[in-house]
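Please open the structure in the viewer and display it as a cartoon.

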Amino acid sequence: MIEPTAGVFEGREHQLPVRIYYEDTDFTGIVYHANYLRYLERGRSDFFRAVGISHSELAEQDTGFAVIRMELDFKRAARIDDALVVRTLYERVEGVRLHVSQRITRGDETILEAKAVAVCISLSGRPRRPTAEMTAKLAPWLAPVSEA
């Protein structure tokens, strides 16, 4: 069975390839701005998958996430058939908050830069600390304290 890619790591940075399809564009042929949020979400989710953190297993442990802050800086437009890379760095965990830096690139060009803060929550929506297993799996990928 062929599995979809979960991306690869280069150092601490997770890289997820994304192809732009017709459905991703608006009437001008440019990627509709809201779709970038989907690509960023895939990058964060596949980062977790690649380090062995399963969203379905987290759900069984009454754990989920809610994005509480998202900063986007659009640099260039992406168009149909473009091959992009979603680049994700989990910077740090502070209590219930996970701080993430992301970029979307096309070759050497930066299309978008983003900063996200997600909160670890119970499935009923209450803040909770990340599980010990999740913290252990994320630890090797977080920025050293001097970088944060």
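**Whole chain.** Bear in mind throughout that this is a predicted model. Colour by secondary structure: the protein has 3 helices and 6 strands. Traced from the N terminus, these elements follow the order β-β-α-α-β-β-β-β-α. Along the principal axes, the C-alpha atoms occupy a box of roughly 45 × 35 × 35 Å. The radius of gyration is 16 Å, which agrees with the value near 15 Å that a compact globule of 148 residues would have.

**Surface.** Then mark the charges, 20 positive and 22 negative; their mean positions lie 5 Å apart.

**Largest nonpolar core.** Hide the surface to look inside, where buried residues make up 39% of the 148 residues. Select Y36, Y39, V86, I104, I111 and L112: of the 14 residues in the largest nonpolar core, these touch the most other members. At least two residues of this core come from each of β2 (13-19), α1 (35-50), β4 (83-94) and β6 (109-121).

**I104.** Which residues does I104 touch, leaving aside those up to four places away in sequence? Show Y36, Y39 and L40, then L84, V85 and V86, and finally E109, T110, I111 and L112.

Finally, select V51, L58, A116 and M134, which are among the 12 residues of another core, lying apart from the largest one.

Methods: Residues numbered from 1 in each chain as written. Predicted model: local features only at pLDDT ≥ 70, side-chain atom pairs only at ≥ 80, totals over all residues. Heavy atoms only, no water. Core = buried A, V, L, I, M, F, W, Y, C linked by side-chain atoms within 4.5 Å. Buried < 20%, exposed > 50% of the residue type's maximum accessible area, 1.4 Å probe, protein only. Helix = DSSP H or I, 4+ residues; strand = E, 2+ residues; numbered from the N terminus. Contact = heavy atoms within 4.5 Å. Rg over C-alpha atoms; globule rule 2.2 N^0.38 Å. Lys, Arg positive; Asp, Glu negative; His and termini not counted. Charge placed at Lys NZ, Arg CZ, Asp CG, Glu CD.
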